Amino acid sequence: MPTIAVDKAALFEELGKEYTTQEFDELCFEFGIELDEDTSTQDRPVVNGKQEAPQLKIEIPANRYDMLCFEGISLMLKIFQGQTESPNYRLVAPPDGKVQTITVKEETSRIRPYISGAILRNINLTQARYESFIALQDKLHQNLARQRTLCAIGTHDLDTLQGPFTYEALPPTDINFVPLNQTKSMNGEELIQFYEKDKSLGRYLHIIRDSPVYPVIYDSQRTVCSLPPVINGNHSKISASTRNVFIEITALDKTKVEIVNNILVAMFSRYTDEPFTVEPVKIVSPHNSQTRQVPDLTPRATQAELQYINECCGLELSPTDICKMLTRMSYHATPSKTDPNLIDVDVPPTRADVLHQADIMEDVAIAYGFNELPRSFPSKSGTVAQPLALNKLSDIVRLEAAMAGWTEVLPLILCSHDENFGWLNRKDDGTTAVRLANPKTAEYQVIRTSLLPGLLKTIRENKKHSIPIKIFEVSDVAFKAPDLERKSRNERHFAAAWYGKTSGFEIVHGLLDRIMLMLKTAFRTQEEGLQDQAMEYWIEEDADNPTFFEGHAAKIHVKIADKESVVGVFGILHPTVLEKFELKYPISALEVNVEVFL
Amino acid sequence: MATDLTAEVLSALATAEAPIFSQDAFPSHPPEVIKATLDRLGSREMVEYEKLDTEEVHLTPEGEGIAENGSHEARVFEAVRSALEGLKIKDLPTIVGAEAAKVGQGTAFKLKWIEKDKDVLKAAKDSITDTVRDQLQTIRSTKSYADTKVIVELRKRKLISLHKVSTYKISRGPKYSNQFVKEETDLTADMLASGAWKTVKLKPYNFKAKGAPTPSGALHPLNKVRHEFRQIFFEMGFEEMPTNRYVETGFWNFDALFVPQQHPARDLQDTFYISDPPRADPPREDPPSSSSTDTTLPSTSNPTDSKTPSRSLDYRKYWDDVRAVHQDGKYGSIGYRYPWSEDESLKLVLRTHTTAISTWMLHKLAQDPRPARYFSIDRVFRNETVDQTHLAEFHQVEGVIADFGLTLGGLIGFMEVFFKKMGIVNLRFKPAYNPYTEPSLEIFSWHEGLKKWVEIGNSGMFRPEMLLPMGLLEDLRVYGWGLSLERPTMIKYGVNNIRALLGHKVDLNFIESNPAVRLEKA
């Protein structure tokens, strides 16, 4: 969630009230934003000999792009409190009637196909407003625009430029200009090199670096306005005294480019001589049928059902009540003239988050007050509680192991490839372990296929504990499964390890016997077979298992309803395994697939 | 030695009419031996005793000398008196010693015991009383002196020193006997067999000591808390979901939940992607696995439902409808309006939430849409940078209620009951944003310790864009809520570092010594 810092005094002046921190916190809570910090009582930094004014740091939910700046927060809170209504944004043609155009060249399809734009004419910026304007662009770049990959904004002093504009895509060496706040002209290639080490701009270079053509916007005099998504030209730089602002936004996504444009102009058109007016720009882009006039600030007309809203909220509001509440949430709403169950709702151009009447319904609930809603308990329908059979089985094993004196541990499911294979003297034939593509550390390379690495690491970290250490885990491992939709499957295992001065082989064997007894599985010795047992198990030497000490490993066989399978293994761990896990006493370990007992 | 003293104490008491004092009766035994003997007899109620702390006055070596030979001034006087013609000053040290001559001469002058006649000393009195010597001799025999002024004066002169001593006032106890009977340490089978238990004397039990540590297994504290949560869900009629599936597809983990493909949660920074196997299949029915635990309950609320044959699931249509609702809008939603990528949807991921499973369950519910309550508590994965409060793995507690006519007030009412069952009351609800729920409510509870509202969970009603492509009915609304298992456990046990709770670095002693979880006893 983005956090926006606003000037406390200025915000309270806008809202016409001096709130206490607690009062303002409650207002935020009710609306669904969060007061993170009030810096009034803190040691604030001193800039140019002046201490920073007290700020409110407010967390904005990720869908409210219209509240990413001071102007948006104050406007929405004022509307919410009924102090004003949602502004009526208007497009106004330039005095000479000639709308500026941006002509899009087809080559831009190769790198960044969409552009939108607008002009804020006769704007009255101040230093604070200018800073807010820049900060909003930054927030939009970070959030909605996904670090400038999806959209990139350029803002210019229109009085330094001369339309019409063109949006082109050219080889980097063909583009020459002085980047913002620089003095030296450079071409595209040099520019990439120049900003390679730059902390703030360096991270955007990858978006275009390897493309044969770079996107660029020119005015009619071939002045470079910007090289999106990296940097604007220095020539058209705006300042607090700029009167006419030309905005261009390039994008990969044609929905988001308009959202960004609408937010920018809606927030800052309040500072034009005639507030809330915007001068449109014509985009000429026939090759991809994107020729149009932008921005489109017409509210989106939609409808919401009275019954739906009341049913979801558990209320019985009249259409007029609902309309009043929607007005407080920045809509324009009126009861439908044709259908008593419908409400005509105009969604303002700033509310791109409203997709469905569910969003409108939520806004009614917010305006009503979540904490004021009549509370009920959903108890109409009876349902039957039921545990997952596999978890019930696991719990039996867990409880029996604990009752037998063993301690349950919960190591991690992800581990390194070595821990899962090499350190256990196991070979990876590529058919078992699921591999991660983007782990941040080598500790998380694969999903474990065995519970043993986790047990051994737990013992390694607990060497100070008195011996013997007796630990177990009942949990899932995962394997590749090419025939399944997700190409992998989990398997529930039970594993235990003994760590002491002697090997503990019989002790681990005894634990196995105990668990098997509790699962009603009878032991069959080689000599005397038990008759009429639905489930039986026996062990056979596992002669060829390098994880274990030679001659001291056993396969666990289970026969259930005449179906025989090997479900696990136990034995004394091989000393080379102990060495890898930095363990100095012998370990006997056991691992069984418990799913066969379901 | 202790045994000797035991007998000594008992026999001393045999004849004594009044309480005896250890200091007088057993002066040669060190105090710790006396103490041990009296404890032994006292615990058996054979004696009663009281400890008395007193102060003793001891003579310093110099004090001893004076008590023996007289004070310096007295010795000077004696020397002078016995020299009939007077004593030359220079001869004094050779008779009484240098120290006594120096100190004693001055004091004897002050007391006007002697006079000086040129270089000769003469006695001024016939006889004197050596008070200091008398005082020191009294102290030597009684180890005390009644006049405290004298004590102060003598102490100043470093002739005496004060010592704290303990003495015991001992008398017969209710079970006094002049014989100490040998005791057995424990009741044995032999005693029962022989009947010796009737006469045997057992060593008394030390009720102040801890018992012998019992060898014990232990369950992991997180699983103990998990058990409590499961119980709460069972009490409220919930069915456990099959979450035994760590690997999910972009489709089930995100797309089906109406999380757009450019959503930050899908960043490499946040989600673990799988490199091998490389790619999933589009959603389809999997062959029943050996571990299939699906035991669908009969419809319990609406018996007429069971008459209608359950619909078969059309996965292809589901896939197409999910695409449509993202890309073009459908079901009354304008959608996100971006080109939806199949590739992105078929990427394999480690599930970032168990809501992927809830989604799968709700899609299955569309076969026979009916009221249902599901829950799960299982591991989820986030590609987080590990720190005190973040691990790449943690447990998510998740609940889902599907029913007709659900209201937002019902969700709030349900949460109040649900959290009350774990001892959390005084909730408030904040509007929030979540791509797959609308409305979304963050649940806050007042924390008495921190004196502030803390977020304890997230909840909401699933969006129509998520439910309707599944084929669920429009009036079947679905609540969903979730919280982590680790957070309440950390608060409950006062654990500050999540690595002390989950993973291989957890201290086994912590697991073994953790008390039972009783969430309702907040």
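**View 1. In helix 15 of chain B, the buried residues are Thr355(B), Ala356(B), Ile357(B), Ser358(B), Thr359(B), Trp360(B), Met361(B), Leu362(B), His363(B), Lys364(B) and Leu365(B).** Buried means under 20% relative accessible area, exposed means over 50%, and partly exposed lies in between, with a 1.4 Å probe and protein chains only. Helix 15 spans residues 355–365 of chain B and is mostly covered, with eleven of its eleven residues buried. Helices (H or I, at least four residues) and strands (E, at least two) are DSSP runs, numbered from the N terminus.

This is a predicted model, in which local features need pLDDT of at least 70 and side-chain atom pairs count only at pLDDT 80 or more, while totals for chains, interfaces and linings use all residues. Residues are numbered from 1 along each chain as its sequence is written, chains are lettered from A and ligands numbered from 1 in the order in which they are written, and side-chain values use heavy atoms, with hydrogens and water left out.

**View 2. Strand 33 (residues 587–593) of chain A, with its pairing partners.** Seven of the seven residues of this strand are buried, so strand 33 of chain A is largely enclosed by the rest of the structure. Ile587(A), Ala589(A), Glu591(A) and Asn593(A) point one way, Ser588(A), Leu590(A) and Val592(A) point the other way, and all are buried. Strand 28 (residues 488–499) of chain A pairs with strand 33 of chain A in the antiparallel sense over seven bridges; two strands pair if DSSP finds at least two bridges between them. Here Ala496(A) has Leu590(A) as its bridge partner. Strand 32 (residues 563–573) of chain A also pairs with strand 33 of chain A in the antiparallel sense, over five bridges, and Gly571(A) has Ala589(A) as its bridge partner.

**View 3. Strand 18 (residues 281–284) of chain A, with alternating side chains.** In a regular strand the side chains alternate between the two faces of the sheet. Strand 7 (residues 100–104) of chain A pairs with strand 18 of chain A in the parallel sense over four bridges, and Thr101(A) stands opposite Lys282(A). Strand 19 (residues 292–294) of chain A pairs with strand 18 of chain A in the antiparallel sense over three bridges, and Arg292(A) stands opposite Ile283(A).

**View 4. Helix 8 (residues 319–328) and helix 9 (residues 357–368) of chain A, crossing at roughly 90°.** The axes of these helices come within 9 Å; axes are lines fitted to C-alpha atoms, for helices over the stretch in contact, and angles run from 0 to 180 degrees between N-to-C directions. Helix 8 of chain A and helix 9 of chain A are therefore roughly perpendicular to each other, a term for angles of 65 to 115 degrees, where under 35 is roughly parallel, over 145 roughly antiparallel and the rest oblique. The contact (heavy atoms within 4.5 Å) is made by Ile322(A), Met325(A), Leu326(A) and Arg328(A) of helix 8 of chain A and by Ile360(A), Asp363(A), Val364(A), Ala367(A) and Tyr368(A) of helix 9 of chain A. These residues divide into seven nonpolar, no polar and two charged. Ala, Val, Leu, Ile, Met, Phe, Trp, Tyr, Cys and Pro count as nonpolar, Asp, Glu, Lys and Arg as charged, and the others, Gly among them, as polar.

**View 5. A three-stranded open sheet of chain B, in the order 3-5-4.** The pairing is antiparallel, and the edge strands, strand 3 (87–88) and strand 4 (114–117) of chain B, each pair on one side only. Four bridges join strand 4 of chain B to strand 5 (residues 120–123) of chain B, and Glu115(B) stands opposite Lys122(B). Helix 5 (residues 72–82) of chain B lies across strand 3, strand 4 and strand 5 of chain B, running at about 95° to strand 5 of chain B. Helix 7 (residues 98–110) of chain B packs on the sheet too, touching strand 4 and strand 5 of chain B, with its direction at about 100° to that of strand 4 of chain B.

**View 6. Backbone spots to check in both chains.** Most residues other than glycine have a negative phi, and most peptide bonds are trans. A cis peptide bond joins Gly163(A) and Pro164(A), with omega about -5°; Pro164(A) sits in the loop between strand 9 (151–157) and strand 10 (165–170) of chain A. Another cis peptide bond joins Glu438(B) and Pro439(B), with omega about 0°, and Pro439(B) is in strand 14 (residues 437–447) of chain B. Phe258(B), not a glycine, has a positive phi of about 65° and is buried at 0% relative accessibility.
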